[in-house]
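The questions below concern a structure shown here. Each answer ends on the value or name asked for.

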Amino acid sequence: MQRNHLRKWSLLVGAAVVALPLPSWAQLTQYDFETRMNMEAHIGNITGHAKDAKGDYRRYCVVCHGQNGDGNGEVALWLDPPTWPKPRDFQLGIFKCRSTPTGTLPTDQDLFDTIARGLDRSAMPQWSTFTKQERADLVAWVKHFSPRWTNEKPGTPITIPPEPEVTPERIKAGRDVFARVQCWKCHGVQGQANGPSAATLQDDLGRPIAPFNFTDGTRPKCGDTDQDIYRIFMTGLDGTPMPSFADNIKPDEAWDLVFYLRTFMAQKSKEKAIAKQLGLKPVDPNAPPPQQ
Amino acid sequence: MHVSTRSHLRKGFRFAPSLFSLALVVGSVVLCCSQPAKALPAFARKYGLRCSACHESWPMLNFFGQKFKDNGYQLMNDRDAPIWQNPGYWPVTFRITPIWHRVSTGKVLVDTYSGGALTGTNTAITRVTSSGFDLSGLDFHTGGTLEKNFSFYVLPSSDNTASFHFETVMARLDNLFGSPWLNVKFGKFELDNLLSEKRILTLTGNGGIYQLYHFVPQGDGNVFGKMGDNQLGLEVMGHSWNDRTRYSAALLSTSDGTPGLVYSNAYTGFFTASQAFDAGKFGVQRVGFYAMVGEAPTSWLTSGGPTGALPGTGAGNKPFSREGFVGQFYFGQHVDLTVVTQHGEDNAWFGQGYGDFIGGTVPNNNVPGTVLPAGSQNPTWNGVLLEPHYVYSPQLIFIGRYETIRMSQQANGSGSLNPSASNFGNISTYTIGYRYNPFMTSRAGFAWHNEYNWLHQDGTGPSLGLNTTNINTSELLIGFDFDF
């Protein structure tokens with residue numbers, strides 16, 4: 001009799017152990033992007049496979065970017081732009097940080113770098129703990145959300161000429177470029193993100209967006225090397241009011257502008273020291289723009 | 001205990017299946033109807049990340065969570081300082097676990113009765129099994145940043161009767177001189193064990209701790225060498241920017257984390273270092289080592305006899321050490337294995353029970369003129385811990401653990417009057433279980449927890465004048481583990 005009781009009890013325990021986790025299996029089957037699941041990403045000699053990133057995406061990314069990659073994860077509701085930008089909608093296939101010309105798709109390497117670098121002034125952390133293979137898989141996964149990747153090829157990365165020597169003349173020339181292309185309208189005459197247009201800016205989806213503040217010590221979103229800054233204003237940040245100046249600024253002038261922008265930044269730099277020696281004044285917004 | 005208790009328990013046990021079935025049904029209904037709670041665990045709320053971002057399975061950290069912790073609870077972006085948070089944000093999380101558990105201990109010495117009176121022999125050895133609903137203690141976790149690169153952690157923790165103590169109280173200065181290689185922690189904190197006992201995935205009495213982190217030989221009086229207990233001290237730690245390489249060095253009071261200068265002026269050092277490697281699709285693998293080397297007192301000034309020790313007067317410091325290797329190996333996104341080894345050694349004085357300080361008394365006191373019994377020697381032992389996981393998804397993890405500790409040299413050597421058996425005090429234990437989180441949000445944690453533990457120890461059971469016996473203890477635990 002007692003043995004029967006124990007047998008029943010054992011069966012019940014066994015059934016509970018098997019049955020209780022079932023909702024978890026059920027959730028796994030909801031997700032369906034099979035048509036583009038064969039997407040690949042190529043980073044050097046590493047090939048990333050979208051299907052291999054499913055688990056990592058679910059564990060780390062879905063909370064912001066959403067199960068369907070549309071940027072509507074559970075946390076998106078609580079991210080209030082411009083203080084906290086909304087998560088990227090991968091289905092649109094539009095990315096800020098690219099090495100490619102405006103309007104084109106980024107390279108796999110661009111997305112790979114963005115995952116590890118994170119995006120300051122947003123909820124996107126640095127995911128540097130992944131292996132390179134895992135990151136490459138995630139790049140493929142990000143790509144599989146948008147039909148753009150099946151219909152278009154990434155743009156050709158822009159050419160960045162070798163960085164010249166920093167000189168007082170170049171910094172002064174950079175200030176002229178800053179005035180001529182009216183960077184100050186958004187970024188302010190001293191790079192403090194307080195230009196006359198700053199409060200009115202919206203991204204392509206009509207959400208408020210703030211210009212970059214060069215002075216508060218945070219890193220530019222798409223990298224903080226001189227090459228990164230050069231690339232940012234020559235490719236533009238697609239989906240935002242920051243346009244590409246590739247048609248307005250010559251490569252040599254672009255370096256001048258990089259050097260001038262460095263004078264705003266909180267970090268110590270040669271450019272800052274030179275600007276201090278020169279007693280460089282901010283641009284005058286009421287002065288006629290310098291001639292090219 | 002009365003021997004008739006056993007048959008009484010048996011009778012009670014007949015009703016257990018019905019009661020247990022009812023509990024399971026209720027549990028299942030609750031689980032199936034669960035909705036995401038609207039509460040906010042401290043860090044997940046601050047950064048808008050799910051539990052799974054930092055935890056392989058809450059509360060055990062994954063690599064990203066370890067990096068976050070090593071950075072002083074910072075993601076190292078521009079929003080780490082609390083000034084960016086809504087003023088209403090308060091970084092507090094509580095955790096408690098209502099459970100049902102069944103504990104069965106193989107050999108317990110009990111009184112025997114006949115006709116309402118003690119029998120002639122008076123005692124017997126019997127198995128004692130009991131079951132019932134219970135609670136864990138309550139933890140209030142508060143932690144985070146006070147400002148960029150200034151972090152803290154305070155954890156008032158209670159037992160299941162709400163008697164509180166400070167489990168953790170520490171402040172930390174991070175990224176000194178702008179370098180991740182230099183961070184300083186001060187206060188009471190968990191030692192930098194790669195496999196953290198404070199984040200253990202199991203909850204039973206014997207399975208809810210790592211035996212390797214607390215082991216001392218039978219009769220040993222070393223009050224301190226317990227790596228699993230939070231300790232008072234100062235820690236310097238550093239890591240590479242991606243946390244692949246990390247080290248820590250701590251100077252600790254030899255007090256086993258007990259506040260107040262109850263022991264002595266003895267200090268202990270704890271050192272760890274590890275290196276992680278990328279292994280492609282397998283994930284990041286990590287190997288490292290740890291060493292704990294210290295001294296603890298064996299003699300005390302007394303008042304009212306040799307056993308009445310005066311707090312804070314410990315002297316006659318003797319050495320002890322624990323050292324071993326740690327490996328964390330991932331085999332893709334679902335399977336991982338953590339391995340910890342240990343070689344431990346206590347001085348012969350500890351082996352003979354000197355050093356222990358209990359409520360102001362010391363059973364043995366190394367006062368002037370005391371000599372060790374003949375045949376005394378340093379007790380030494382070796383142990384290994386294997387903990388595999390199968391992570392089906394961030395919401396469901398299966399856990400296993402096997403630990404074994406083997407004495408390699410007993411304190412009472414062959415020259416003793418009563419030399420100890422070579423296996424005296426050896427431990428073997430295994431634990432299996434699973435944790436299922438019915439929901440996974442950035443707001444709260446909730447796990448349905450099932451676990452079974454079995455522990456065997458050689459020679460520590462009652463003897464009744466015969467050879468000492470071994471003890472087998474088993475525990476089954478079911479509960480709701482949640483934080484808010």
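Q: Which residues of H4(B) are buried?
A: This is a predicted model, in which local features need pLDDT of at least 70, side-chain atom pairs count only at pLDDT 80 or more, and totals for chains, interfaces and linings use all residues. Residues are numbered from 1 along each chain as its sequence is written, with chains lettered from A and ligands numbered from 1 in the order in which they are written. Helices (H or I, at least four residues) and strands (E, at least two) are DSSP runs, numbered from the N terminus, and a residue is buried if 20 or more other C-beta atoms lie within 10 Å of its own, exposed if 12 or fewer, and partly exposed in between, with C-beta atoms placed from the backbone. The buried residues of H4(B) are B:Phe63, B:Phe64, B:Gly65, B:Gln66, B:Lys67, B:Phe68, B:Lys69 and B:Asp70.

Q: Why is helix H4 of chain B largely enclosed, and what do its buried residues pack against?
A: Helix H4 (residues 63-70) of chain B has 8 of its 8 residues buried, so the rest of the structure largely encloses it. B:Gly72, with a positive phi near 80°, follows H4(B). Contact here requires C-beta atoms, placed from the backbone, within 7 Å. The packing partners in chain B are helix H3 (51-54) and strands E1 (55-57), E2 (60-61), E10 (231-239), E11 (245-253) and E13 (284-296).

Q: Which residues of H4(A) are buried?
A: In chain A, 7 of the 10 residues of helix H4 (residues 108-117) are buried, so this helix is largely enclosed by the rest of the structure. Its cover includes E1 and helix H5 (132-143) of chain A. Just after H4(A), A:Gly118 has a positive phi of about 70°. The buried residues are A:Asp108, A:Asp110, A:Leu111, A:Phe112, A:Thr114, A:Ile115 and A:Arg117.

Q: Which residues does A:His42 touch, not counting those up to four places away in sequence?
A: A:His42 is in strand E1 (residues 40-43) of chain A. A:His42 counts as partly exposed because it has 15 C-beta neighbours inside 10 Å. Beyond four places in sequence, A:His42 touches A:Thr47 and A:Asp108.

Q: How do the residues of the contact of H9(A) with H10(A) divide?
A: Helices H9 (residues 226-235) and H10 (residues 251-262) of chain A pack at about 115°, their axes 10 Å apart; axes are lines fitted to C-alpha atoms, for helices over the stretch in contact, and angles run from 0 to 180 degrees between N-to-C directions. A:Asp226, A:Ile229, A:Tyr230, A:Phe233 and A:Met234 in H9(A) meet A:Ala254, A:Trp255, A:Leu257, A:Val258 and A:Leu261 in H10(A). With Ala, Val, Leu, Ile, Met, Phe, Trp, Tyr, Cys and Pro as nonpolar, Asp, Glu, Lys and Arg as charged, and the others, Gly among them, as polar, the contact has 9 nonpolar, no polar and 1 charged.

Q: What is the radius of gyration of chain B?
A: Chain B has 5 helices and 20 strands. The radius is taken over C-alpha atoms, and the globule rule is 2.2 Å times the number of residues to the power 0.38. That rule gives 23 Å for 484 residues, so chain B is as compact as a globular protein of that length, with a radius of gyration of 24 Å.

Q: Over which residues of chain A is the pLDDT below 50?
A: pLDDT is the predictor's confidence in each residue, from 0 to 100. Chain A averages a pLDDT of 88, and 87% of the residues score at least 70. Where pLDDT is low, the predicted coordinates should not be read in detail. In chain A, the pLDDT is below 50 over residues 20-32.

Technical notes: Contact = placed C-beta atoms within 7 Å.
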